[in-house]
Amino acid sequence: MVRRARWYGATPLHLLVLVCSLALTGYAMVRLFAVRPLAVALWFVGAAVVHDLILLPLYSLADLTALAVLRHRTPGVPRLPWINHLRVPAFLSGVLLLVWFPLIFALPAPYPGATGLSADVYLGRWLAITGALFGVSAVSFALGLRRARRRD
């Protein structure tokens with residue numbers, strides 16, 4: 001048991017979940033490649049290139065900028081890790097934007113016929129969800145500050 005833990009570095013349950021997720025991914029890939037192999041391969045290569053050459057530098061720059069601008073603290077304020085209270089809602093909002101960008105930007109597409117909604121509602125809803133995510137994160141940070149002040 002100790003030898004396996006030293007070799008793998010995690011519990012057997014972790015290894016089982018990892019093997020199951022890889023099996024599910026393999027099954028999905030086999031099914032996708034059977035239908036449209038060139039389109040799937042092109043999508044994977046394009047996603048890797050777009051992520052590594054465009055998105056990663058952009059969100060790394062945004063993260064470094066937020067750290068540089070917001071690192072100065074006033075004396076007497078408890079030290080609390082705050083950056084994840086910005087990262088998590090920004091990430092979730094970005095994922096929603098990435099998935100729904102044709103509808104959010106009202107690009108011409110057959111979506112209104114398929115959904116029964118006009119494309120005008122998506123921008124407002126995405127902005128509302130983004131605001132709610134940052135609001136919940138701000139409340140969570142404020143509660144964390146309150147707990148930290150009580151401890152000090």
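The structure is a predicted model, in which local features need pLDDT of at least 70 and side-chain atom pairs count only at pLDDT 80 or more, while totals for chains, interfaces and linings use all residues. Residues are numbered from 1 along each chain as its sequence is written, and side-chain values use heavy atoms, with hydrogens and water left out.

The protein contains six helices and zero strands, where helices (H or I, at least four residues) and strands (E, at least two) are DSSP runs numbered from the N terminus. The order of elements from the N terminus is accordingly α-α-α-α-α-α. Of the 152 residues, 12% count as buried; buried denotes under 20% relative accessible area, exposed over 50%, and partly exposed the range in between (1.4 Å probe, protein chains only).

The largest pocket holds about 760 Å³ of space. Pockets were located on a 1 Å grid over the protein atoms alone, a pocket being an open set of points where a 1.4 Å probe fits, with protein on both sides within 12 Å along at least five of seven lines; lining residues have an atom within 4 Å of a point. Grid points are joined across faces, edges and corners, and the volume is the space filled by probe spheres set on the points. The lining of the largest pocket comprises 19 residues, and Leu55, Tyr59, Phe91, Gly94 and Val95 lie nearest the centre. Helices α3 and α4 (84-104) each supply at least two lining residues, and α3 provides the largest share, ten residues. By class, the lining divides into 15 nonpolar, two polar and two charged residues. In this division Ala, Val, Leu, Ile, Met, Phe, Trp, Tyr, Cys and Pro count as nonpolar, Asp, Glu, Lys and Arg as charged, and the others, Gly among them, as polar.

A nonpolar surface patch of about 800 Å² is formed by Val45, Val49, Val50, Leu53, Ile54, Leu55, Leu56, Leu58 and Tyr59. Patches consist of residues with over 30% relative accessible area and no salt bridge, with nonpolar side chains (Val, Leu, Ile, Met, Phe, Trp, Tyr) joined within 5 Å and like charges within 9 Å; the areas come from the Shrake-Rupley method with a 1.4 Å probe, and for residues only the protein chains shown count as cover.

One salt bridge is found in the whole structure, the term denoting a side-chain nitrogen of Lys or Arg within 4 Å of a carboxyl oxygen of Asp or Glu. The side chains of Asp63 and Arg87 form this contact, at 2.9 Å from N to O. The pair links distant parts of the chain, with Asp63 in helix α3 and Arg87 in helix α4, 24 residues apart. Arg87 is partly exposed, with a relative accessible area of 36%.

Further pairs bring together residues separated along the chain. Pro89, in helix α4, is buried at 3% relative accessibility, and its C-alpha atom is 5.3 Å from that of Leu133, 44 residues apart along the chain. Helix α6 (residues 120-151) contains Leu145, which is buried at 16% relative accessibility; the C-alpha atoms of Leu145 and Pro81, 64 residues apart along the chain, are separated by 9.8 Å. Ser140 also lies in helix α6 and is partly exposed at 36%. Between the C-alpha atoms of Ser140 and His85, 55 residues apart along the chain, the separation is 7.9 Å.
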